[in-house]
Amino acid sequence: MTPVEAAILGILQGVTEFLPISSSGHLVVAEELMRVQSPGILFEVVVHLGTLISILIVFKEEIGKLLRNWSTGESKAMFGYLIIGTIPVVISGSIFKSQLESAFEDLRLVSFAFLLTGFVLILTAFVSSRTAQLDKGKSTVIGLSQAFALIPGISRSGMTISTGLFLGINPEESARFSFLLAVPSLFGSGVIMTRDFLTFGAGKESPLVLAVGFVTSVLIGVVALRFLLHILVRGRFHWFGIYCLIAGISSMWI
């Protein structure tokens, strides 16, 4: 892999990980269109780490407050909600591991998943009442939507934020919980990929290629995440649904 290819993949990871358009689905389509060989495990670990750091940068105040006040009732409740919300993705990822890996080779499935994501995002335009508070039940439902997003083409941020909106949670809180929930998920996937790398090895990517992928995923991730928060506040989240519909229809013809 060249540094230019690493930059492209780092940008793709940074943009699609946070915008509700499915990073996994775009990687499947990109590999099919460009005939790009899947990056090595170590490269995937690096760009996942980059997107994780993007979340830590953008939500540094919220995360810092949670850690500083970990013993208070509000922080304890949030930690509990994050644990509850993470359980479904852990269980689903373990039980359906082989089926999910096969899904990455099924472009038709990815196309339909894009369409489903698009319809869900568009439906958020019709949600009006958003004054509910996060609780155990709502965090469970949001966690289930995150597990569903293990399917390539189903957006993790799209599903979790949309579910929060459908449950009556305001856009800012829905986004905040969605991306805090991404921290253990990204960390966990990074641990699994690191284990696979240590067990099976990976491609011999140069330090320059890894550095380019990491830096681009961090920088683009920060920009994409702040852009999404900007769009959410202005009530235009459903616009991404139109893009997903177009992506789903277009990918059927590849």
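This is a predicted model: local features need pLDDT of at least 70, side-chain atom pairs count only at pLDDT 80 or more; totals for chains, interfaces and linings use all residues.
Local features need pLDDT of at least 70 and side-chain atom pairs count only at pLDDT 80 or more, while totals for chains, interfaces and linings use all residues. Residues are numbered from 1 along each chain as its sequence is written, and side-chain values use heavy atoms, with hydrogens and water left out.

Helix H7 spans residues 107–123 and packs against H12 (residues 239–251); helices are DSSP runs (H or I, at least four residues) numbered from the N terminus. The axes of H7 and H12 come within 7 Å and cross at roughly 160° (lines fitted to C-alpha atoms over the stretch in contact, with angles from 0 to 180 degrees between N-to-C directions). H7 is therefore roughly antiparallel to H12 (angles over 145 degrees). The crossing of H7 and H12 is left-handed (the near helix is turned anticlockwise from the far one by less than a right angle; clockwise is right-handed). Contact (heavy atoms within 4.5 Å) involves residues including Phe114, Leu115 and Phe119 of H7 and Phe240, Leu245 and Ile249 of H12. By class, this contact has twelve nonpolar, six polar and no charged residues; Ala, Val, Leu, Ile, Met, Phe, Trp, Tyr, Cys and Pro count as nonpolar, Asp, Glu, Lys and Arg as charged, and the others, Gly among them, as polar.

H7 also packs with H9, at an angle of about 30° and with the axes 10 Å apart. The crossing of H7 and H9 is left-handed. Thr117, Val120, Leu121 and Leu123 of H7 meet Gly158, Met159, Ser162 and Phe166 of H9. Five of these residues are nonpolar, three are polar and none is charged.

H9 (residues 156–166) is in turn crossed by H8 (residues 136–148) at roughly 155°, the axes coming within 8 Å. H8 and H9 are therefore roughly antiparallel, and the crossing is right-handed. On H8 the contact is made by Val141, Ile142, Ser145, Gln146 and Phe148, and on H9 by Arg156, Met159, Thr160, Thr163 and Gly164. The contact of H8 with H9 comprises four nonpolar, five polar and one charged residue.

The second largest pocket holds about 200 Å³ of space (an open set of points on a 1 Å grid over the protein atoms alone where a 1.4 Å probe fits, with protein on both sides within 12 Å along at least five of seven lines; lining residues have an atom within 4 Å of a point). Volume is the space filled by probe spheres set on the points, which are joined across faces, edges and corners. Residues lining this pocket include Glu74, Tyr81, Gln133 and Arg176. H5 (73–95) and H10 (171–200) each supply at least two lining residues, and the largest share, four residues, comes from H5. The lining has six nonpolar, two polar and three charged residues.

Key:
Angles under 35 degrees count as roughly parallel, over 145 as roughly antiparallel, 65 to 115 as roughly perpendicular and the rest as oblique.
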